[in-house]
Amino acid sequence: MPEIKKICTITGKEFSISEQEQELRKKFGVELPDIHPYERLRYLFTFRNYHTLYARKCDMCQKNFLSVHDPASPFQVYCMSCWYSDKWTPPELELDLDKPFFEQLEILTKKTPRLGQIAAKPMENSDYCNACSGLKNCYMTFNATGCEDCYFCIGTSYAKDSIDLGVCEKSELSYDSQSCNGCYHVFWSEYLENCQDCYFLYDCADCSECALSTGLRHARHVFLNEQLNEREYAEKVKELQKGDYQKLQEHRKKFEELKKNYKNKYLIGVKNEDVSGNFIYTSKSIEDSYLIIDSENCVNIANVWNAKDCLDIASFGVMNAENCYCCCAIGLDVMNLRYCTLCITGSHDLEYCVELSASHDCFGCIGGNKNEYKILNKQYSKEDYKKTVAKLKEKMKERGEYGKPQPQTLNPFAYNEGLAMIHMPLKKAEAEKLGYKWKEKKIPQVPADKVYQPKDNINDENWADFQGKFVICEKSKRPFKIIKQEFDFYKKHNIPLPRIHPEVRMLDRYPSDLLFNLHKAQCANCQTTLQTSMPKKDQVLCEACYQETIY
Ligand SMILES: [Zn+2]
Ligand SMILES: [Zn+2]
C-alpha cells in the first residue's frame, strides 16, 4: 500500500496517510481522513480539562468543591462521592431513528449530571488536585500519581517534596524542572536521568553537583561544561544559591543560550523500535505520536501509556487500551472504544459515549457505572441492542453522521480551559478561527493593600509580611497566592518568590514546542535524513552521532 497524500480541509496543509495508518483504518472499517492528524488530535484534546478548576457546589450534596465545570455550565455537576453513589439514575432518551442522532445526544448531554473532579483513592489532604491518584499533601497538581508534598506539578508520578515539575517521575526535593526522572535536589533543569544536587542542567544523566551544562554523563563538579575541582565548583555554584531574583534571571538567560547551542537527539526517548514523534519510551511501531510509554502499533496518539493498535487517541496517561479509535481521555483497561470521551475502568465496545465506567456495549450513553446494552442511556435486550445499533448506524451513515467525532456542541469546555491549550497552545483569535469556544478569564481585582511585591532576595522575605496577600503575575496580571508550605520551600532552598502565576508557569514549562511538529531534517553531523519533532530552527543529531558526542 503506497502512502496517500491529502490536503487538510481545515488548514490547507498537505499530510500523508501511511501504510500503517491505512492498515489500522481498514481494521476499524473507517474511511480515509480529510483532516491533518494534528488537527484531529487538537479537536479531541479540547474535550478534556483537568487543570482549569472552579469553586462550586455539588448539585446533589451542596458541598463546596473544586470542579472542572464552571458554575455557569448548563448541566448539573456532582462531586465524586455523589456521582459514584447509587443516589441518582442517569436520565434516558427514547431513540428516534429518523432524527439527527447528535441532536438527540446533545439533549441527553444537557440533562445529565456531570462528574466535577476525578481522583482515585487513596487521596489524602489533596483536595485541590485533579485527574490523579494516590496523592498525599499535594496542591494544584494534575495528571499525577503517587506524589507527596508536591505543588503545581503536572504529568508527574511518585515525586516528593517538589514544586513546579512537569512530566517527571520519581524525583524528590526538586523545583521548576521538566522531564527529570529519578532525580534528587535538581533545580531549573530539563531531561535529566538520575541526577542530584544540580542546577540548570540539560540532557544529562548520572550527574551530581553540576550546573549550567548540557549533555553530561556520569559527571561531577562540572560548571558551564568545564571540569572543576570540588573547591572551585563550590565557589562557582554559590552564585546560583543566593536567592536573588535578578541573578536568577541572568542564569535563566545563560541557560537558554546553552540550550540553543546544544545539538539534541532527533527524538527524546529510549528503548524504541521503529517510532516517530517525540517523548517515546519502550515502544514499537509508533507513528507521529507524543508522550508515549510502552505502546505498540499506534498512529497519531498523544499522552498515552500501554496502548496497542490505536489511532487518533488524545490523553489519559496510564491507560491500557487496545483497538481504540478517535477518543479522548479513555483508559484503565479499555478495548474497542470509538468516538468516546472519559470512558474508563474495564469499559469495552462503546461508541459515542461520555463518562462511562465499567460499561460495555453502549451507544450514545452518558454518565454512569456498569452499563450494558444501552442506547441514549435506555436499556435494551442484547438482541434488540445489536439490531437497533445496526439500524442506527445505517441511518447515521445516510445522514453523514457516523464516523465523525462527537460534535463540539457536546463539548463542555472552551479551548483555553482544556488540554488542547496545554499541548497545542493558541491565541484567542486562532482558536476561534478554528471554531473553538474561548472563555475570558476574569482577572480578579485585588485592593492595593493586599498586593505584595516580592523582594529581590528571598532572605529578606518574611511570612508575616506576605500572609494574606497576593502577587500580581508579571505576564498575565492575574493575582495569585503563595501557600505557607510553598513559602517555606522557597525559604529553605533559597529560591526567590515567583512572579508568574502558577498556571502560566505550568503552560510555559510544558514542552509543547517539541510536540506535533514532525518534519524531515538532516543530522547536523552525518547529514542522514531524519524524522523529528524538535523545533525547525534547532540542529539535531541521529542516534549514532548523538551517542558519539555524549559518551
Ligand atoms: Zn456531592
Ligand atoms: Zn548522524
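Lys427 sits in the loop that links helix 8 (419–423) to helix 9 (428–433); helices here are DSSP runs of H or I with at least four residues, strands are E runs of at least two, and both are numbered from the N terminus. Lys427 counts as exposed because 10 other C-beta atoms lie within 10 Å. Between the C-alpha atoms of Lys427 and Thr9, which are 418 residues apart along the chain, the separation is 21 Å.

This is a predicted model, in which local features need pLDDT of at least 70 and side-chain atom pairs count only at pLDDT 80 or more, while totals for chains, interfaces and linings use all residues. Residues are numbered from 1 along each chain as its sequence is written, and chains are lettered from A and ligands numbered from 1 in the order in which they are written.

Strand 1 (residues 4–7) pairs with strand 2 (residues 14–17) in the antiparallel sense, over four bridges; pairing requires at least two DSSP bridges between two strands. Lys5 has Ser16 of strand 2 as its bridge partner. Six residues separate the strands of this hairpin, and Gly12 takes a positive phi near 75°.

A further sheet is open, with three strands in the order 7-8-9 and parallel pairing. Its edges are strand 7 (119–120) and strand 9 (142–145), each pairing on one side only. Strand 7 is joined to strand 8 (residues 130–133) by two bridges, and Ala119 stands opposite Cys132 in strand 8.

Methods
A residue is buried if 20 or more other C-beta atoms lie within 10 Å of its own, exposed if 12 or fewer, and partly exposed in between; C-beta atoms are placed from the backbone.
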